[in-house]
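The entries follow the order in which I went through them.

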Amino acid sequence: WNLPNWVAYELTNDELYGDIKRTNHFAPDPLVHGDPVVTYDYTHSGYDRGHMAPAASMKWSETAMKESFYTSNICPQNRSLNRDNWADIEAFTRDVAYKYDSVYVVTGPIVSSDPLFMGNTHNIAIPDAFYKVLLRKGKTNWTTLAFICRNEAGDRPILTYVTTVDDVEAQTGIDFFYSLPDDIELEIESQDNISDWTL
């Protein structure tokens with residue numbers, strides 16, 4: 001489908017204070033074998049080149065900033081979503097890192113079994129939705145928070161996109177945070193723990 005299945009990273013408080021400038025230089029990922037997606041695939045598509053790991057969270061490193069513009073970190077994203085509610089959730093994630101020192105993030109597309117496609121030189125599946133799953137150490141234990149946004153225009157409070165990690169796993173087939181002890185994983189992934197994430 002010429003999309004990332006997921007992108008994962010840890011964002012720390014220290015990394016929020018970088019001064020690396022946004023490059024806006026989209027490029028094929030040199031580690032993708034074969035025929036990688038190129039930025040021209042998105043030209044006149046009507047979709048934004050939506051970052052999964054946002055450039056605004058990569059200002060701490062020239063390498064991280066450069067790699068955030070690889071097409072392996074990009075999906076076709078509704079323009080309004082990318083610039084409004086998705087950006088709001090990205091900003092919320094940075095606020096979490098600021099308040100709680102660090103947060104683990106996994107994010108990516110949700111694609112139907114029979115998607116629509118776009119692309120000038122490659123067939124790129126258009127996601128139905130996008131997810132972002134957060135994990136951090138709470139006061140006494142680990143805690144999670146998950147979001148799912150339909151790939152469409154919308155301007156709603158970001159809390160309306162909150163769901164459970166279990167829901168994201170059911171829609172993606174991905175087992176998140178499997179290295180946690182099973183009893184902890186089962187408990188925190190079945191709840192929307194929004195009360196643990198107050199800013």
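I began with pairing, for which I took two strands as paired if DSSP finds at least two bridges between them. Helices (H or I, at least four residues) and strands (E, at least two) are DSSP runs, numbered from the N terminus. I noted that this is a predicted model, in which local features need pLDDT of at least 70 and side-chain atom pairs count only at pLDDT 80 or more, while totals for chains, interfaces and linings use all residues. Residues are numbered from 1 along each chain as its sequence is written, and side-chain values use heavy atoms, with hydrogens and water left out.

**Entry 1, the sheet.** I found an open sheet of 5 strands in the order E1-E4-E7-E8-E9, with antiparallel pairing. Its edge strands are E1 and E9 (162-163), each of which pairs on one side only. I looked up E7 and E8 next: they run antiparallel and are joined by 9 bridges, and a hairpin connects them through 4 residues. Across this pairing Val-133 stands opposite Ala-146 in E8. On the E9 side, E8 pairs in the antiparallel sense over 2 bridges, and there Phe-147 has Val-162 of E9 as its bridge partner.

I counted a residue as buried under 20% relative accessible area, exposed over 50% and partly exposed in between (1.4 Å probe, protein chains only). E8 is mostly covered, with 7 of its 9 residues buried. For the helices, contact means heavy atoms within 4.5 Å, and axes are lines fitted to C-alpha atoms, for helices over the stretch in contact, with angles from 0 to 180 degrees between N-to-C directions. H3 lies across E1, E4, E7 and E8 and runs at about 5° to E7, whereas H4 lies across E4, E7, E8 and E9 at about 50° to E8.

Which residues touch the most other members of the largest nonpolar core? A nonpolar core is a set of buried Ala, Val, Leu, Ile, Met, Phe, Trp, Tyr and Cys residues joined through side-chain atoms within 4.5 Å. Of its 40 residues, they are Phe-92, Val-103, Leu-134, Leu-145, Phe-147 and Trp-197. The largest share of this core, 5 residues, comes from H3. Leaving aside residues up to four places away in sequence, Phe-147 touches a list that includes Ile-89, Phe-92, Leu-134 and Tyr-161. A second, separate core of 15 residues includes Val-133, Leu-135, Phe-177 and Ile-184.

I let rings of Phe, Tyr and Trp (its six-membered ring) pair if their centres lie within 6.5 Å, with planes under 30 degrees apart counted as stacked, over 60 as edge-to-face and the rest as tilted. The count by this rule is 6 aromatic pairs. Phe-26 and Phe-69 make an edge-to-face pair, 4.9 Å centre to centre with 75° between the planes, and it links parts of the chain 43 residues apart. Phe-26 counts as buried because its relative accessibility is 12%, and Phe-69 because its value is 0%.

Tyr-131 and Phe-176 are also edge-to-face, at 5.6 Å and 65°. Tyr-131 lies in E7 and Phe-176 in the loop between H4 and H5 (182-189), so this pair ties together parts 45 residues apart in sequence. Together with Phe-177 they form one aromatic cluster.

Last, I looked up charges over rings (NZ of Lys or CZ of Arg within 6 Å of the ring centre and within 35 degrees of the ring normal). Arg-136 lies over the face of Tyr-100, at 3.6 Å from the ring centre, and over that of Trp-197, at 4.7 Å.
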